[in-house]
Amino acid sequence: MANQVSPSFSTERHAVLTRRVRFLVAATIVYNLVEAVVAISAGTIASSTALIGFGLDSLIEVSSAAAVAWQFSARDAATRQARERRALRGIAVSFFALALYVTVDALRALIAADTAETSVPGIVLAAASVVIMPFLSLAQRRAGRELGSATAVADSKQTLLCSYLSAALLVGLLANALLGWAWADPVVALLIAALAVKEGREAWRGDACCAPGGIALAMQPATSGDDACGCEPGCSCCS
């Protein structure tokens with residue numbers, strides 16, 4: 001009995017994690033809006049389709065974070081849980097939209113062999129995103145896993161995926177500026193698009209977090225391969 005967590009502490013911890021997720025989602029939305037404005041402006045000036053595409057991707061990330069913000073805008077836990085399925089579907093759609101856009105833009109860039117001017121603001125923005133976005137993703141994923149929120153975990157994956165895209169953009173911009181390799185960015189972007197499809201499928205079927213408060217347990221019956229908390233092999237809350 002001494003090792004059990006008291007109900008009052010559990011409730012207090014739940015409230016703390018809920019506020020943390022709300023803060024992280026708000027920070028993600030604000031950062032991505034600024035990122036979109038800077039990227040699209042710098043991309044237009046430098047005639048860089050990669051930068052413009054990155055800015056549009058930031059808007060897609062805003063839509064994903066907005067789905068989580070909508071879910072966590074509810075004050076009571078029951079309403080938040082009831083909204084989780086729809087929010088997860090919204091996040092899944094944003095993954096698919098990201099994959100579609102990145103694929104089309106990358107193929108177009110490869111076929112047209114586009115070359116862009118060097119963009120110092122674009123390089124600085126991509127470098128900043130490579131540093132900032134993983135921290136936002138990790139913090140939200142930890143809070144989401146402990147809280148048992150499939151949507152918070154799924155959105156943290158979206159944020160991490162965007163950090164990969166930032167790294168690809170940075171490599172592409174530097175390769176274009178220093179070596180003249182215009183093909184580097186679209187090739188890496190195609191790999192990221194494939195990952196986005198995978199994450200989108202997981203979010204669509206609710207395979208984002210199996211913690212006891214998330215909807216994954218309600219959507220999928222436990223199997224003999226599950227662990228004590230209901231995680232199945234390959235579930236993101238187990239990795």
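**Reading a predicted helical model**

Q: In this predicted model, which residues of the largest nonpolar core touch the most other members?
A: Of the 48 residues in that core, Val-21 and Leu-169 touch the most other members.

Q: What is Val-21 in contact with, leaving aside its neighbours within four places in sequence?
A: Contact here means heavy atoms within 4.5 Å. By that reading, Val-21 is in contact with Val-68, Phe-72, Ala-143, Leu-147 and Ala-152.

Q: Is Asn-32 buried or exposed?
A: A residue counts as buried under 20% relative accessible area. Asn-32 has a value of 0%, so Asn-32 is buried. Asn-32 lies in helix 1, which covers residues 7-46.

Q: What lies 2.7 Å from a polar atom of the Asn-32 side chain?
A: The backbone oxygen of Thr-28 lies at that distance. Not counting residues up to four places away in sequence, Asn-32 also touches Ser-58, Glu-61, Val-62 and Met-133.

Q: How should I read Ile-40, and what is its relative accessible area?
A: Between the buried and exposed cut-offs, 20% and 50%, a residue is partly exposed. Ile-40 has a relative accessible area of 29% and is therefore partly exposed. Ile-40 is also in helix 1.

Q: How many residues apart in sequence are Ile-40 and Gly-53, and how far apart in space?
A: Sequence separation and distance in space are read as two separate values. Ile-40 and Gly-53 are 13 residues apart in sequence, and their C-alpha atoms are 7.7 Å apart. With residues up to four places away in sequence not counted, Ile-40 touches Leu-51, Ile-52, Gly-55 and Leu-56.

Q: How many aromatic pairs does the structure hold, and where does Arg-89 lie?
A: The structure holds zero aromatic pairs. Arg-89 lies over the face of Trp-204, 4.2 Å from the ring centre.

Q: Which residues does UniProt list for "transmembrane region"?
A: The unreviewed UniProt entry lists residues 21-45, 51-70, 91-113, 119-139 and 160-184. A listed span can then be set against the model. Residues 21-45 are 100% helix and 0% strand, with end C-alpha atoms 36 Å apart. Residues 160-184 are 80% helix and 0% strand, and the end C-alpha atoms of that span lie 20 Å apart.

Definitions and conventions. Residues are numbered from 1 along each chain as its sequence is written. This is a predicted model: local features need pLDDT of at least 70, side-chain atom pairs count only at pLDDT 80 or more; totals for chains, interfaces and linings use all residues. Side-chain values use heavy atoms; hydrogens and water are left out. Helices (H or I, at least four residues) and strands (E, at least two) are DSSP runs, numbered from the N terminus. Buried means under 20% relative accessible area, exposed over 50%, partly exposed in between (1.4 Å probe, protein chains only). A polar contact is a pair of N or O atoms within 3.5 Å; within protein, one must be able to donate a hydrogen and the other to accept it, and residues adjacent in sequence count only if both atoms are side-chain atoms. A nonpolar core is a set of buried Ala, Val, Leu, Ile, Met, Phe, Trp, Tyr and Cys residues joined through side-chain atoms within 4.5 Å. Rings of Phe, Tyr and Trp (its six-membered ring) pair if their centres lie within 6.5 Å; planes under 30 degrees apart count as stacked, over 60 as edge-to-face and the rest as tilted. A charge sits over a ring if NZ of Lys or CZ of Arg is within 6 Å of the ring centre and within 35 degrees of the ring normal. UniProt positions are given in the numbering used here, feature names are shortened, and annotations may be inferred rather than shown by experiment.
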